[in-house]
Amino acid sequence: MLPEVLRREPLIAGPLTAAALDEQVLSYPERRPPRAWFLAFAFTASVMCLGFALIGYTVYEGIGVWGNNRPVGWAFDIINFVFWIGIGHAGTLISAILLLFRARWRNAIARYAEAMTIFAVMTAGIFPAIHVGRPWLDFWLFPYPNQRGLWPNFRSPLMWDVFAVSTYFAVSLLFWYIGLLPDLASLRGRAKTRLRQIAYTVLSLGWRGTPEQWRHYEKAYVILAGLATGLVLSVHSVVSFDFATSLVPGWHMTIFPPYFVVGAIFAGFAMVVLVLSNVRRLMGIENLITMRHLELCNKVILGCSCLMGYSYLCEAFTAWYSMNPYIHHTFLQYVTGTYGWAGWLAVVCNVAVPQVLWSQRVRRSIPAMIGVALCVTAGMWFERFVIIVISLHHDFLPSAWHVYKPTMVDIGILLGSFGFFFTLVLLFARVLPVVATTEVKATLPGAQPEGVTHG
Amino acid sequence: MAEPIEPDLSRREFLGVLGASAALAAGCSRPDRGEIVPFDKRPAGARPGNADLYASAFQEGLSAYGVLVKTREGRPIHVQGNDKHPSCAGKTSLRAMADIMGLYDPGRLRRPLVKGRPASWDQARGRLLSDLLGARAERRPVLLMTNALLSPTRRALVAALGKALPGLKHAVREPACGGAEAAALKACYGDARRPRLRLDRAKVMLALEVELLSGDRPEEIKGFAANRGEGSMSRLYAFEAGMSLTGANADHRVPWKPSRAAALGFALARALHQSGRPLPAGVADSVLAGFDLEALAKEQGADPALLRALAEDLKRAGSSALVVAGPALPPQAHAAAFLLNTMLGAEGSTVDASISPPAEELAGDEESSRFLLEAAQGRFAAAVFWGVNPAYAFPDAALWDSSAAAIPLKARIGRTLDETARACDIVLPEHHWLESWNDFEPSSDLLLLQQPAVAPLYDTRQGDDVLLDLLRGLGGGAPLDYRSYLMERWRREVQPASSLLPFERFWSSALHDGALRREAASRPPRRLDGAAVTKLARQTGAPAASGFELILSPGANVFDGRYADNGWLQELPDPVTKLSWGNAVCVSPADAVRLGLADGDIVELSAGGVEVELPAVVQPGQAPGTLGAALGYGRRAGSVAAGVGVNLFPMLAGSGAAGLLLPDTELQKTGCRTALPFIQRHHKMEGRDIARSITLAKSRQPRLTHSKDLATLYPPRKFPKHKWAMAVDLSLCTGCQACAVSCQSENNVPVVGAERVLEGREMHWLRVDRYYEGPAENPKVLLQPMMCQQCDDAPCETVCPVAATNHSDEGLNQMAYNRCVGTRYCANNCPYKVRRFNFFEYNAQTPESRRLAFNPEVTVRPRGVMEKCTFCVQRIQEAKAAARSAGRALRDGDIEPACAAACPAGAIVFGDLKDPASRVSRLAARGRGYRVLEELGVKPSVTYLADLSNPAGDRDAS
């Protein structure tokens, strides 16, 4: 046995049997949710409806109801897109990369994080669709055979986005769904009402849990994890190409792909902490999603925060070292111009505040970690504001410079996107098992051979 | 053998289904927009789909220009200069181009009104005529108030009316033109004829508080541009309070108080006299003794060496010198300018009064006040207000109100229900000038003919026809319509006796040309009255007032307010402040610091007991202690004009006789603020190499910059036949913005309104950027027209996901509006920011009548679509088609984009780079040619030629 100090904290708090675990997790969708769930759902759903109503208004009136102007052609629309795509990254990282690294602590939180990935990508997907001037022609961005012989422009980074995001969504959805199959089958087995029986029967795709099925399942799961791993790195890299391959000073930077990927994982983990720290309490699964899980997430946040700081320094160094007057000017605008406050907000929220996570007490304090996660979420949103709005509002010809002011519609749609995301998160908790029971069973005491110390 | 297929439907059922599906299809398709009736027999000469050009003429204020009106299927769609007008040669005032909007103004009156009720012409005319007959019987006077007539025939008509109605008092008002110059001319020459300024002959120019280079002075811009190249370079000195385009283009600009302009003139005269130039007869040299250049320089904070250099330059230039004083300056300053021109021998050379037509007697504010006072006392039996808008522009509103109340019958001849029309009993709707006949005499060797380019759109009549009708009613024998009246006068007086042509041939050839050149009656050269100059010089002294000197000038675009209803002109920014949709008072940076003012602070101006509140703009280069503001805003009526800006005419009531210069104005901060719709909001180049300016001496050195083709991954583009390109000579460009108006008209560019301008969503395809470099007290101004640069490696093209913007094999960066989904990525990636996005369905707000002004050759863009300059691709295609049908190759100069066609300076040249002999190829290869942001590797097709300046003391130049 390892000495006490070196022994790892168990991944499950307290004694738990496989049956008790099933009962704890799988009974949840069968019960009537608590009042708090209804209240939360009513709130998020109304915010979501507000957002969709404003989107309808935008489609009816035109992009003019937003604050976008010339030179700031993109603003909240693309900020929100990049922000939400970023949020998705933690889920894929947890479920795929940590799976390949055999970090078993992921098992308890992977399901929820993956669901958040899917919902975040769905939320993100709204924005490219509605940000165009004529959204009813969005389908022109897809390469489909047509009698006009017209194809999209494969040199355009927006085109790459279409492929990157749709691939990401497809792979994430498959990965998540395949992971759900055993649990869906368990739910089917437990279902009492006819409706549930039918629904879970259809959804579980005939899963019987035979060794043959398990073999295929494990293979498919690892293959998809391999695919998803590549996507974690590629999707936000491609999103960053929207900026990096352009001419705009402040966008045209080679550091963008890794910088965006780190930022995405950073923001994603902050969202995971934000959601799970609440969910575990509300759903009474503190024994499954333990303080250790949250602390590990916080460590990832801390690491990413340091990398963000490095990226910011790198950007500043590049701006200075390039001797490019346009980039010099743009970078100065990040910290001193009209929106200099946004630049400092991003630095403080993303680099300074998360440094408190060096302290274990903070890492294990729920209010503190929620505070840090909120800061990171706001900071990462503003980081995209800095990159997109500040870079655009002062580009090459000073005669064209203009400030940007968001309208109430912009803000309403941003809020609506949060409403949409959290509504989906709540619905998920209502109808599907939020913890992968089969995977958690692998971390139950005694499920794995214990390490034996010799001598 | 297969069995024949038995249809399930009977023939009857089939027809039923067919009918139903046809009805369904019709129901689903777009609604029928109207009946289409083909020509049964095509009218002679009508070629549907081809544009026709009609020569006509446009008058505003004291100027008239020959124009060509482009019509399509009978509707005027574009106005350009008439090349038969010799001094303007194909160029015209920007307002002539913009006023096509006036023709289609939805606010135009469509039928007469009597007491505000629609009436027939017979009723309205009968009412007016009976009152005029009554007035004649009672021997009571009748007031006729008009704008400057400028037309010999119209003048004859008014004279004839005066004969038939002996009590007719005619007052001519041009409220924004000022009367000081006419007063000075009258005093010093005995005749108020305004000489023509021959800037083309001038080598050294001194502009005293005068705007010579704005878009309504094509003649002066053209003359100025003649001497602004490497071959021949003039030198322009500008002494002015506010920053004008003249100052912006000057080689030396000195902020100078207007009250001291006269002193400067006399001091220069003294310096010239001391260096041996004789004074004209009657001018005592003792009178100049008090004027000393050194002392003045010290007083105004100017460089004395510069004033000495100016005196030296003027002396050296002699008869090629030109001194001009502005309309806001007092008569003393004008007299000083006359004196200088006479001493230098410029009279008869750069100042040419020999062919000036007789000056119109303008009724200044004082004289008009006298009329209105009489009216207020009930002296007049009736009044006719034709064109002028005293209810808006008369400074003393209380006097206007009381006189309007006391005139028993007021008739209005005008186009819209404006402020004056609202105060009148009878409103007679008038033709637009594009529906009218007339002639104008800009100089005594030239007559311009105005002819209708379209049949009257509404039940309106030409103002002259109304007068003619009254003349007939009053018993004066006259033809039935003004056209016959005009022709008759031409037959009688204009056709030279020596002409052997039958009159009809003579007339139709004059109509075809729109201009008739004739022998000017020779007049003896005018002589400067030395005694008058002496008298005025004696009255010149330092001002005692402690307040600000405020100069009011006609709005650069809206003039005296008569164009305030024109959206194009409202949205077109002031050429210097770049403020659109309204006016503001310009304050010097030093005064702004002292008073704690920033752009948009509302201030209260007060002078002579009149107080007006308006926003302030901190204007670099404004002389401390001076203010400047534009007239013509703050209209109370008009669908576009109402409520835009602040009416400053009431300030003139406080100026007394001083005209447009208010020597003692107080300015107070109110503490309120407003957002100003600037088209350009950042004014410095931030050390970037954007608009270049070099001195003449430097331009003669070997080329300093070498453009190098940057490495690229893409193969070079191939242009098999043509490579369209443009060259813009910044040395010739004065920043007048005529190009922008022409572009707006040619390309159906929408107007978005002040609110959208504030949001940064203006749609101009071509803008003129203005940068200030150097100290804010007196910066150097750089002006640069900026349009799509049609880059060979266009950054917009690679990023469009649907390939809506792509490259033609003739070097054009094209937009397929149909294909555009509106991601706006292209606009983000455009380093020149010339792409414009339709944030709303702008044309949904375009009134039906204004849609008639659309150019059918240019797509009207829907919402959600990106648009930008196309190099007027429709004109390229038209010229190619014309060349093909003529069986010849395209020639250099066949294609003129709207901007190039309108540029009075000829600064914009378009052509084919594949043709090494084309003008654009030669200009692009010039030493001072460069491409903006060339270092980005986008390979723009527009070459800018660096601005040349010719400062005094510039080595090996001058």
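**Close-ups of chain B in a predicted model**

**View 1. Domains 2 and 3 of chain B, side by side on the page.** Taken over C-alpha atoms, the centres of domain 2 and domain 3 of chain B sit 26 Å apart in this predicted model. Where they touch, domain 2 of chain B puts in 18 residues and domain 3 of chain B puts in 21. On the domain 2 side, the elements giving two or more residues are α8 (245-249) and β11 (252-255) of chain B. For orientation, domain 2 of chain B covers 195-352, while domain 3 of chain B covers 543-673.

**View 2. A right-handed β-α-β unit in chain B.** The pieces are β6(B), helix α5 (residues 152-164) of chain B and β7(B). Strand β6 (residues 142-146) and strand β7 (residues 168-172) of chain B run parallel, paired over 5 bridges. To pick out one of the partners, find B:L144: it bridges to B:H170 in β7(B).

**View 3. Chain B meets chain A.** Here 43 residues of chain B are in contact with 37 residues of chain A. On the chain B side, α27 (795-799), α28 (825-829) and β32 (836-837) each supply at least two residues. Top contributor is α28(B), which gives 4 residues. The class count for this side of chain B is 20 nonpolar, 11 polar and 12 charged residues.

Definitions and conventions
Residues are numbered from 1 along each chain as its sequence is written. Chains are lettered from A and ligands numbered from 1 in the order in which they are written. This is a predicted model: local features need pLDDT of at least 70, side-chain atom pairs count only at pLDDT 80 or more; totals for chains, interfaces and linings use all residues. Two residues are in contact if their C-beta atoms, placed from the backbone, lie within 7 Å. Ala, Val, Leu, Ile, Met, Phe, Trp, Tyr, Cys and Pro count as nonpolar, Asp, Glu, Lys and Arg as charged, and the others, Gly among them, as polar. Two strands pair if DSSP finds at least two bridges between them. A crossover is right-handed if, with the strands pointing away from the viewer, the path from the first strand over the helix to the second runs clockwise. Domain bounds come from an automatic or database domain assignment.
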